[in-house]
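My notebook is open and the viewer is loaded. I'll jot down what I look up, one topic at a time.

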Amino acid sequence: MNYTRRDFLKTAARGLAAVPLLSCAKEEKREINFFNWSKYIGKDTLPRFTQQTGIPVNYEEFADEEEMFAKLRSGAMGYDLIVGTDYMIEKLKALNLIDPIPDGALSHRGNIDPRFLNTPFDPENAYTIPYLWGTTGIGYNKSKMAKPPRSWRDLWDEKHSGRLSMLDNARDCVSTSLLMLGYPETTKDPAAFKAVRELLLKQKPLVKQYSSATYIDGLVAGELHMSMAWSGDVLQAARENPQIDYVIPQEGSYMWVDNLCLVRGSRHREDTLRLLDYLLEGPVAAEIAGAVRYASPNAAAKPHLDKALLSDPRVFPGKDIASRLNFHKILTPEISQLWNETWSDVKVS
Amino acid sequence: MRTAEPQAPVNGIIPVPGAFDHTLSFLLRGKTSRASHLLMTPAALWLTIFLILPLAFLLILSITQRGPYGSFVWTLTGDNFVRAFNPKYLPVLLRTLSYAAATTGICLILGFPFAYYLSFHAGSRRELMLVALMVPFWTSCLVSIYSWIIILGREGLINNVLLQGRILSEPLALLNTPFSVILGLVYFYLPFMVLPLYSSLEKIPRQLIEASYDLGAGAGQTFLKITLPLSLPGVFAGSVLTFIPCMGDFLTAEFMGSPQTYLAGNLIQNQFMMAQDWPFGSALTSLLLAGLVGGLWLYQRWEKA
């Protein structure tokens with residue numbers, strides 16, 4: 001057989017050309033990887049998207065935002081779309097873990113209520129699409145309480161010793177303690193942190209658990225009387241159990257926004273943008289809010305929202321409560337470290 | 001050690017068994033000791049990649065600084081170790097030591113009779129009992145934890161039975177107590193105690209025990225003078241294998257504990273996840289590891305002396 005050098009080169013070139021094609025074919029698995037809080041979406045939201053577009057979505061859950069952050073930071077590959085709370089956006093941006101959302105890529109971007117635009121964590125609206133928002137307050141079981149809690153101080157009530165639960169993160173515990181003690185959120189004053197530590201340590205013997213995930217089961221079972229809680233989580237439970245209720249304490253509290261973000265350099269960008277645009281549609285956003293009982297920052301969702309949800313002051317607080325709600329301030333890394341240390345000290349003591 | 005006739009060459013290919021045999025005997029017989037060292041390659045590679053490199057990385061990380069947003073700043077510092085020696089961490093260390101010691105003690109008390117029975121009396125039931133011992137260990141750890149939560153909870157199985165039977169009027173607080181944490185630890189690490197005990201009891205030559213009886217010793221004396229001393233290596237191995245993982249366990253305390261049962265494992269896990277302070281977490285891990293290895297080394301020296 002005559003096999004000239006030119007033939008060889010031709011075959012080799014063809015072979016080489018096939019290499020990228022092959023690897024492409026492998027990567028071309030058309031699926032959006034969506035990394036979100038557990039059960040933080042409507043039941044039919046994603047199946048319907050897949051039905052409409054033919055694009056499958058893989059919904060992966062996390063129960064703890066820091067876990068999500070740790071995964072992304074250590075280079076977990078393959079996530080396209082993530083949900084991050086306001087303060088997390090700051091960290092994700094600083095460590096170059098998210099990409100800006102291209103201008104003009106979304107046709108429903110205008111649906112977002114202007115109240116949720118130009119926020120401290122994304123002043124240019126470059127990186128985030130607000131997804132849902134909620135508040136931090138007190139969830140409680142009516143059958144275990146003589147009267148409903150009104151103040152954060154009620155979580156320090158010795159009558160409920162061993163029946164109290166606190167969210168397990170510095171963000172919520174330190175910020176509300178500062179609020180109770182009357183310090184500004186951005187304080188650097190060592191005396192403030194000493195006072196916060198003492199306040200939380202005074203409560204510690206009464207606390208059954210520091211947990212951000214399991215307190216709902218405890219409230220429903222009656223093992224917990226009261227818990228520092230996130231609004232929607234409690235209200236989902238309240239839908240099935242009328243004994244469960246939620247209150248924003250009189251001292252005021254914090255509201256936070258969860259945002260959709262594009263993971264840096266992720267594949268499937270075009271499909272992901274399509275999903276983003278779909279999630280921004282009024283009826284879709286309304287369906288999600290209805291399912292998870294958090295408020296939607298989507299103005300176009302309002303007409304489609306369940307009337308009961310829209311008029312529920314625990315979800316959409318009225319003027320008087322809203323005036324006592326604030327966004328978390330952006331903390332410098334130095335202050336953030338003080339918060340973490342304070343919380344860590346409370347836990348080890 | 002030829003067992004089969006040499007195979008005839010097929011299609012001009014050298015018969016594989018011959019070459020294979022040759023290679024094997026080259027490796028195994030150790031005529032040249034260097035060749036048999038080759039056998040260590042897979043294990044050595046494994047250890048290097050999965051133990052030595054990560055440990056080295058951990059050590060390096062422990063002398064870096066935590067930067068903003070949990071990044072690493074590569075300026076070398078001993079701060080993390082200084083911080084780790086802050087007396088505020090002492091209660092956590094003492095608590096962890098006492099929980100690990102209690103778990104080891106309880107495992108020994110429960111495990112020794114069990115291993116003794118397995119070795120001396122179980123007979124044909126032995127296999128079944130060994131499997132029964134291992135089944136919980138093969139079950140996903142989270143599934144086991146949730147099962148315990150169902151059993152121990154305020155509205156759980158035990159409390160329900162006690163309340164229904166009118167033995168109690170108020171449910172017992174079983175879950176989220178030191179009791180439930182130690183129970184969980186004993187449950188998870190009991191096989192680590194029983195298996196070494198069992199294997200050391202198995203190794204005791206039965207003739208020694210018979211000889212002891214023949215020489216007129218009673219059952220008690222035989223146990224104290226023969227069986228127990230000869231099983232001590234198993235007691236030691238079992239205790240070490242139970243104690244060490246207990247020192248680093250965090251899942252049990254996380255799910256079955258309370259704020260009052262915060263252990264060293266939880267402290268370390270919180271540095272890596274919640275506080276995003278990997279350098280400090282690495283320093284704590286290195287110190288814990290150094291303490292355990294050092295303790296083991298001292299013990300062995302003391303035992304030899």
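Predicted model: local features only at pLDDT ≥ 70, side-chain atom pairs only at ≥ 80, totals over all residues.

**Entry 1: across the interface.** I looked for salt bridges between chain A and chain B, and the rule finds one across their interface. I count a salt bridge when a side-chain nitrogen of Lys or Arg is within 4 Å of a carboxyl oxygen of Asp or Glu. The pair is Asp345(A) and Lys88(B), with the closest N and O atoms 2.8 Å apart.

Next I checked which parts of chain A do the touching. The elements that give two or more residues to the side facing chain B are α3 (65-73), α4 (86-94), β7 (207-210) and α13 (333-348) of chain A. α13(A) gives the most, with eight residues. Helices (H or I, at least four residues) and strands (E, at least two) are DSSP runs, numbered from the N terminus.

I sorted the residues on that side of chain A too: 11 are nonpolar, six polar and 12 charged. In this sorting Ala, Val, Leu, Ile, Met, Phe, Trp, Tyr, Cys and Pro are nonpolar, Asp, Glu, Lys and Arg are charged, and the others, Gly among them, are polar.

**Entry 2: ground rules.** Residues are numbered from 1 along each chain as its sequence is written, chains are lettered from A and ligands numbered from 1 in the order in which they are written, and side-chain values use heavy atoms, with hydrogens and water left out.

**Entry 3: interface totals.** I find 29 residues of chain A in contact (heavy atoms within 4.5 Å) with 28 residues of chain B. The two chains bury about 2600 Å² between them, 54% of it on carbon and sulfur atoms. Buried area here is the accessible area (1.4 Å probe) that two parts lose on being put together, summed over both.

**Entry 4: cysteines.** How many disulfides does the structure hold over all chains? I get zero, taking a disulfide as a pair of cysteine sulfur atoms within 2.5 Å. Cys107(B) is buried at 0% relative accessible area, and Cys246(B) counts as buried at 2%. The cut-offs are under 20% for buried, over 50% for exposed and partly exposed in between (1.4 Å probe, protein chains only).

**Entry 5: Asp245(A).** I found Asp245(A) in strand β9 (residues 244-247) of chain A. Is it buried or exposed? Asp245(A) is buried, with a relative accessible area of 15%. Its side chain makes a polar contact with the side chain of Arg314(A) at 2.6 Å. A polar contact is a pair of N or O atoms within 3.5 Å; within protein, one must be able to donate a hydrogen and the other to accept it, and residues adjacent in sequence count only if both atoms are side-chain atoms. Leaving aside neighbours within four places in sequence, Asp245(A) also has contacts that include Ile138(A), Tyr140(A) and Val234(A).

**Entry 6: chain A overall.** I count 13 helices and 11 strands in chain A. Buried residues make up 54% of its 349 residues.

**Entry 7: positive phi.** Asn118(A) is not a glycine, yet its phi is positive, about 50°. I located Asn118(A) in the loop between β4 (98-99) and β5 (129-141) of chain A, and it counts as exposed at 53% relative accessibility.
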